[in-house]
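Open the structure in your viewer and keep the selection tool at hand. The stops below say what to select next and what is there.

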Amino acid sequence: MAFADEVQRLGAPVRRWARTQKREYTNGEERPLAGDLGAMGVYVGLVSAAAAAVRASGRELPERIPVGDAFLLTVATFRLARRMAKDPVTAPLRAPFVRFEGPSGHAEVAEEVREHGGAKHAVGELLTCPFCLAQWVGTGFVFGYVTAPKATRLAALTMTMVAGSDVLQFVYDSIQNGGLAPQTEGVDQAPS
């Protein structure tokens, strides 16, 4: 029991400091600082475990990644992070943490975090933010590239092809809707 009392005694100033920091940072708003800290801890834990596994396997890290592979992984990271955060089909993954607000752009949804403060808030923000998810997705692609480069290139190629297809869909829609027709500003054209 003496050990637990000592931990409590030593932890009290740290807890007071953390509460003060939260109060001063949040300015009265509900912010999930503890949940965000937990998410960072999970990320660091996963990266550490993956790095230890790579090291234990004896795999050599690449000296450099070819530009083509870096481009492929970058586009795939963008597409997969956006798909996870905004796609209607992936809504069941986000549903426990967010509320549907309506459509948002082409084939995307707008969602709002359901609970404010705490771990569910932090997870909801992470799952609805393609910029935030990109860190996790990109890290996954990098570890995949180190451990199974061929399979990772194939998966990344799939997502890159989807991103390219998305661009072509937008171009096609613009053509169909006259979005690429020449514009005449301020010129009244009377029939001849």
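Select Phe141, Gly144, Tyr145, Val146 and Thr147 in α6, then Pro149, Thr152, Arg153, Ala155 and Ala156 in α7: these two sets meet, a contact being heavy atoms within 4.5 Å. By type, the residues of this contact are six nonpolar, three polar and one charged. Here Ala, Val, Leu, Ile, Met, Phe, Trp, Tyr, Cys and Pro count as nonpolar, Asp, Glu, Lys and Arg as charged, and the others, Gly among them, as polar.

The model is predicted: local features need pLDDT of at least 70 and side-chain atom pairs count only at pLDDT 80 or more, while totals for chains, interfaces and linings use all residues. Residues are numbered from 1 along each chain as its sequence is written, and side-chain values use heavy atoms, with hydrogens and water left out.

Helices (H or I, at least four residues) and strands (E, at least two) are DSSP runs, numbered from the N terminus. The axes of α6 and α7 come within 6 Å and cross at roughly 140°. Axes are lines fitted to C-alpha atoms, for helices over the stretch in contact, and angles run from 0 to 180 degrees between N-to-C directions. The two helices are therefore oblique to each other; angles under 35 degrees count as roughly parallel, over 145 as roughly antiparallel, 65 to 115 as roughly perpendicular and the rest as oblique.

Asp69 is in helix α3 (residues 67-86) and Arg153 in helix α7, 84 residues apart. Asp69 is buried at 13% relative accessible area, whereas Arg153 is partly exposed at 29%. Buried means under 20% relative accessible area, exposed over 50%, and partly exposed in between (1.4 Å probe, protein chains only).

Next, select Arg79, also placed in α3. Arg79 is buried, with a relative accessible area of 8%. Leaving aside residues up to four places away in sequence, Arg79 touches Met159, Val162, Ala163 and Asp166.

Move to Glu111 and Arg94, whose side chains meet in a salt bridge of 2.5 Å, N to O. Glu111 lies in strand β2 (residues 109-113) and Arg94 in helix α4 (residues 91-94), so the pair ties together parts 17 residues apart in sequence. Glu111 is buried at 17%, and Arg94 is buried at 1%.

Then colour β2 by side chain. The partner strand is β1, which runs antiparallel to β2 and is joined to β2 by five bridges; two strands pair if DSSP finds at least two bridges between them. Look for Gly102 opposite Ala110. The two strands make a hairpin with five residues between them, and Gly105 in the turn has a positive phi of about 75°. Another salt bridge to select is Arg99 with Glu101, closest N and O atoms 3.8 Å apart.

Last stop: helix α5 (residues 118-127), where His121, Ala122, Gly124, Leu126 and Leu127 are buried. Which elements do the buried residues of α5 pack against? They pack against α2 (33-57), α3, α4, β1 (98-103), β2 and α6.

Terms used
A salt bridge is a side-chain nitrogen of Lys or Arg within 4 Å of a carboxyl oxygen of Asp or Glu.
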